[in-house]
Amino acid sequence: MEYVLICLTASHRNASFDLLERLSIGAPAAASRLVTDSDVLDGAVVLATCNRFEAYLDIAGDDRDSAVSATVQAVASASGLQGDEVLDSVSVLGGKDVVQHLFAVSSGLESVVIGETEISGQVRRSLEEARANGTTTSDLERLFQEAAHTSRGVKTRTRIGAAGRSLVRLGLELASSRVTDWAHTDVLLVGTGSYAATTIAALRDRGAERIQVHSPSGRAPWFAAKHDLVAATDLRQAIATSDVVITCTSSEVPVIGPADLDDGVRRIVIDLGLPRNVDPAAAGVDGVELLDLETIGIHAPIAELNAESEARAMVDDAVSRFRAQAMEQSTTPALVAFRKHVFAILDDEIDRVHRRGDSTPETAEQTERALRHLVGVLLHRPSVRARELGRAGRGDEFVGALDALFGVRAEPEAELDVPTPVVPLADRTAPIRDDAADAS
């Protein structure tokens, strides 16, 4: 039985940053509405980061084309884009490719900077948001939980993290070629989310001491006190007194434009926001050097080949195990129905023994124990065989045999007495630093 999920993916590899920016705003809510307001999807988890948009879909029925079309139209409309424009920029994955892709993405192998650690936190949050919106399914839960487990293994057992650096640190590294001494450089940070905290740590690693922070939402005093910074209330004045400006807010419109930058003053502006926090026209101001995510991505280092190869091999192994387990579990509903059928017959027979009244209570109890033991022994081999056939991709043979021999058919998953347990993702992953900018 093939794993039935599809994925729509657009990333820095096949889509422009402009399109990714717009998708990151409207697409998540659109996908959630598509699940709740139509019969096209049973579930959806949407991942929208600074350099990728992905929708993992559990489709209703087997009409993949309709599910793709409806999803593309919904996210395009919510993002102010044309459906054809979105469709031309996304790749559609199915079956094993969905599993392979998410495991690689979560492990940082498909990022602008190979091995970045922040993406695993973004994957975790995308599942949490889907849970909050009621758009997950058991298949999506299992997929994302195992992706988190895989990424943790890659992180702890390989040196892939050393093969790449976070976007924050890479941006600062590019800027360092223009900064002679960070300790004497005036830095303005625009934004107060978790991405801002990451930026502060990276700045201090380089010796930066003179850091101001401004927040469009007014959180600068609180954030400055927490991180021992100087709060700036006037943005233009703060820019005027800064050598390096770093933006990382979740504002949907640019917070800095050409008019905010003095002409002829040498200044580095690093825009880490998505959508952009800095109007691209700012690059035309004399003296301003603008480093945005697209520019930073171009300079992303080549991964250390050994570490990346080792990490990809781990992902391949995890995918194989996951698919084998999924195929093995494909026989579970039929096996549960068969066990219920057998135990119902057993209970009827035990009741008959008790009602007959021709034996002592001790004898009746011994008879019941013997019958239950016999049924357990008889069920053992079919249970083992069900898993073997499922793992070999022959689960349909087991299901068909039960129907042909006993007239037993699997019940809908929601009605099973033994639902698949869902382990909270937080229990499967190590603490990670978030990458997305919080509202600021």
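How many nonpolar, polar and charged residues does the lining of the largest cavity have? We will come to that after a word on the model. This is a predicted model, in which local features need pLDDT of at least 70 and side-chain atom pairs count only at pLDDT 80 or more, while totals for chains, interfaces and linings use all residues. Residues are numbered from 1 along each chain as its sequence is written, and side-chain values use heavy atoms, without hydrogens and water.

The structure holds 2 cavities of 30 Å³ or more (a cavity being a set of points on a 1 Å grid over the protein atoms alone where a 1.4 Å probe fits but cannot get out; lining residues have an atom within 4 Å of a point). The largest cavity has about 50 Å³ of space. Its lining has 3 nonpolar, 1 polar and 5 charged residues, with Phe17, Glu21, Asp271 and Arg276 among them. Helix H1 (17-37) and helix H12 (293-298) each give two or more residues to this lining (helices are DSSP runs of H or I, at least four residues, and strands are runs of E, at least two).

Asp271 also leads us to Asn277, as the two are in contact (heavy atoms within 4.5 Å). Asn277 sits in the loop between strand S9 (267-271) and strand S10 (288-291), and is buried at a relative accessible area of 0% (buried means under 20%, exposed over 50%, with a 1.4 Å probe and protein chains only). Other contacts of Asn277 include Thr247, Pro254 and Ile256.

Now turn to helix H10 (residues 220-227), where Ala220, Phe223, Ala224 and His227 are buried. These buried residues fall within an arc of 100 degrees seen down the axis of H10, so they line one face of the helix (the arc is that of the directions from the helix axis to the C-beta atoms). The face turned away from that side carries the exposed Pro221, Ala225 and Lys226.

Key:
1 Å grid on protein atoms, 1.4 Å probe; cavity = no way out; pocket = protein on both sides within 12 Å on 5 of 7 lines; lining within 4 Å. Points joined across faces, edges and corners; volume = space filled by probe spheres on them. Nonpolar A, V, L, I, M, F, W, Y, C, P; charged D, E, K, R; others polar. Lists of a residue's contacts leave out its neighbours within four places in sequence.
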